[in-house]
Amino acid sequence: MAQTDKKEPRNRITAYGGYVASLQRLAIEPRTAMKWQERTHAALNGEASAELRRLVSLKTRRRFGAFFTGSELAAKFITHCPKLGASDVIHDASLGVGDLLLAAASRLPLRRSVNDTLRQWGQQLTGTDLHSEFVHGAKARLVLLARQRHGLKGSGVSSTAGLFPGIRVADGLTQFAAYERATH
């Protein structure tokens, strides 16, 4: 009797890609776009986790260990870090969509412009995840946070590409240089 090949796709996390694409669009939209503030607030405060639960089955999330820290827990955790300055490097080896890095970035100093802030944060915030969807989502959310913190003067971001070179797709358990460089 021949066995039918019903192999499960290697990465069922791809269902999350549509949500990540919406984050990337939001990250470069003008602040005057409809409900930008409300949509940004949601994207930074729990929506990413809720969308993962909605779009990706529990079985698949368990298989890949895809469970996000959440913004509330990340905020509690980061309070245990001393004041973060321009020379600190924060690394998250299992990034997800960046809740821990967002909490850290909320305490990092701002530069004169959003683009200057993003360049500085790009040197300080590092992380890895096995899923490109999560890495792209984390970068978009960090751009949203920078723009939100800069207020009305914060604009000029035309793309999330090239930002945050230290946040990438990789196995965090094998990235020894990232651990050595990190202060947190």
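The points below are grouped by topic and refer to a predicted model.

**Nonpolar core**
- The largest nonpolar core comprises 45 residues.
- Inside this core, the residues with the most contacts are Tyr16, Leu118, Trp121, Leu125, Phe134, Leu144 and Phe164.
- Two or more residues each come from α1 (17-28), α2 (36-44), α3 (47-55), α5 (71-78), α6, α7 (114-124) and α8 (132-150).
- The most is given by α8, which supplies nine residues.

**Leucine 118**
- Not counting residues up to four places away in sequence, leucine 118 touches Leu142, Val143, Ala146, Val157, Leu163 and Phe164.
- One of these, Phe164, is also listed with leucine 118 among the residues with the most contacts inside the core.

**Leucine 100**
- Leucine 100 sits in helix α6, which spans residues 99-105.
- Leucine 100 counts as partly exposed because its relative accessibility is 22%, and buried would require under 20%.
- With neighbours within four places in sequence left aside, leucine 100 is in contact with Thr69, Ala74, Phe77 and Asp92.
- Threonine 60 lies 40 residues from leucine 100 along the chain, and their C-alpha atoms are separated by 23 Å.

**Surface patch**
- Leu173, Phe176 and Tyr179 make a nonpolar surface patch of about 370 Å².
- Within this patch, leucine 173 is located in the loop between β3 (167-169) and α9 (176-181).
- Leucine 173 has a relative accessible area of 68% and is therefore exposed, the cut-off being over 50%.

Terms used: Residues are numbered from 1 along each chain as its sequence is written. This is a predicted model: local features need pLDDT of at least 70, side-chain atom pairs count only at pLDDT 80 or more; totals for chains, interfaces and linings use all residues. Side-chain values use heavy atoms; hydrogens and water are left out. Helices (H or I, at least four residues) and strands (E, at least two) are DSSP runs, numbered from the N terminus. Buried means under 20% relative accessible area, exposed over 50%, partly exposed in between (1.4 Å probe, protein chains only). Contact means heavy atoms within 4.5 Å. A nonpolar core is a set of buried Ala, Val, Leu, Ile, Met, Phe, Trp, Tyr and Cys residues joined through side-chain atoms within 4.5 Å. Patches are made of residues with over 30% relative accessible area and no salt bridge: like charges are joined within 9 Å, nonpolar side chains (Val, Leu, Ile, Met, Phe, Trp, Tyr) within 5 Å. Accessible areas come from the Shrake-Rupley method with a 1.4 Å probe; for residues, only the protein chains shown count as cover. A salt bridge is a side-chain nitrogen of Lys or Arg within 4 Å of a carboxyl oxygen of Asp or Glu.
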